[in-house]
Amino acid sequence: MPKPIQWLLSLVFILQMYLAMLVLGIVYLPYALINRDGAVAACHAFCAWVRISLRAICGLRTEVRGVVPQGEVLIAPKHQSFLDIILIYGALPRAKFIMKAELRFAPILGWYALRIGCVPVNRGKRGAAITRMMADVKSGLARPGQLIIYPQGTRVAPGEGLPYKIGTAALYSQLGQPCVPVGTNVGLFWPKRGILRHRGTGVVDFLPAIPPGLSNAEFMTQLEAQVEACSNALMAEAGYK
């Protein structure tokens with residue numbers, strides 16, 4: 001398909017996606033106010049709509065691979081674009097994110113994020129951020145679910161490299177839970193920035209869990225090796241060189 005047409009379809013997709021966020025946010029609001037399950041249902045509905053409309057409008061298919069965790073685990077994915085958030089959250093039964101504190105103020109998204117149990121963290125000072133993150137996570141453990149933290153702390157475009165941050169190891173050690181690494185290739189099709197959405201198949205792959213009890217250094221070595229190897233393999237499968 002000519003690039004101008006794909007660009008136009010991408011713009012249509014983005015506009016309708018935000019409209020759907022507004023509509024679903026309003027429709028589910030009474031249920032979400034009464035019960036947190038309503039907020040979870042709203043977010044799952046939005047994720048499902050994004051996947052359906054993305055394929056219908058842009059020709060971008062999506063796929064979730066591996067065994068999707070159901071219990072109390074830490075999830076540590078590669079983060080390439082908003083699409084991996086959609087795929088991972090939509091697949092998990094009751095997920096919550098470690099998120100940037102400023103997202104609390106995002107219209108609709110911010111309120112629903114807090115309602116489903118996301119933990120806002122100010123990352124201005126790394127040591128203080130980790131301490132606050134640990135305290136906030138502990139206080140929210142009464143709400144069962146899968147806790148998602150992006151080990152590199154931000155979106156990383158294919159071909160870019162950013163270090164894996166110690167906050168993930170701190171949570172892993174403190175929680176004493178298995179950690180499920182997740183690889184992805186979605187940045188090839190839904191870029192970190194820009195409007196164009198490319199045709200293809202965006203994948204997230206849930207890998208076997210890393211058991212609790214490892215040292216921080218050993219855990220971080222395993223996590224980075226597994227996430228990067230999986231993501232590189234998925235990108236190569238999609239034709240990335």
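Modeller: The answers below cover cysteines, nonpolar residues and salt bridges in turn.

Modeller: This is a predicted model, in which local features need pLDDT of at least 70, side-chain atom pairs count only at pLDDT 80 or more, and totals for chains, interfaces and linings use all residues. Residues are numbered from 1 along each chain as its sequence is written, and side-chain values use heavy atoms, with hydrogens and water left out.

Colleague: How many disulfides does a search of the whole structure find?

Modeller: A disulfide is taken as a pair of cysteine sulfur atoms within 2.5 Å. For cysteine 43, the nearest cysteine sulfur is that of cysteine 47, 6.8 Å away. For cysteine 179, the nearest is that of cysteine 230, at 13 Å. The number of disulfides found in the whole structure is zero.

Colleague: Is cysteine 179 buried or exposed?

Modeller: Buried means under 20% relative accessible area, exposed over 50%, and partly exposed in between (1.4 Å probe, protein chains only). The relative accessibility of cysteine 179 is 0%, so this residue counts as buried.
The value for cysteine 43 is 17%, and cysteine 43 also counts as buried.

Colleague: Which residues make the nonpolar surface patch of about 460 Å²?

Modeller: Patches are made of residues with over 30% relative accessible area and no salt bridge, with like charges joined within 9 Å and nonpolar side chains (Val, Leu, Ile, Met, Phe, Trp, Tyr) within 5 Å. Valine 27 belongs to this patch and lies in helix α1 (residues 3-27); at 55% relative accessibility, valine 27 counts as exposed. The patch is made by Leu19, Leu22, Val23, Ile26 and Val27.

Colleague: With which residue does aspartate 37 form a salt bridge?

Modeller: A salt bridge is a side-chain nitrogen of Lys or Arg within 4 Å of a carboxyl oxygen of Asp or Glu, and five are found in the whole structure. Aspartate 37 lies in helix α3 and the partner in the loop between α4 and β3, so the pair ties together parts that are 57 residues apart in sequence. The closest N and O atoms are 2.6 Å apart, and the partner is arginine 94.

Colleague: How many residues apart in sequence are the parts tied together by lysine 78 and glutamate 228?

Modeller: These two side chains form a salt bridge, with the closest N and O atoms 2.8 Å apart. Lysine 78 counts as buried, at 5% relative accessibility. Because lysine 78 lies in the loop between β2 (74-77) and α4, and glutamate 228 in helix α8 (residues 216-237), the separation in sequence is 150 residues.

Colleague: Which residues do salt bridges that share partners join into one network?

Modeller: Glutamate 63 and arginine 65 meet in a salt bridge at 2.8 Å, N to O. Glutamate 63 is partly exposed at 31%, and arginine 65 is partly exposed at 23%. The network joins Glu63, Arg65 and Glu237.

Terms used. Areas by Shrake-Rupley, 256 points an atom, 1.4 Å probe, with all protein chains shown as cover. Helix = DSSP H or I, 4+ residues; strand = E, 2+ residues; numbered from the N terminus.
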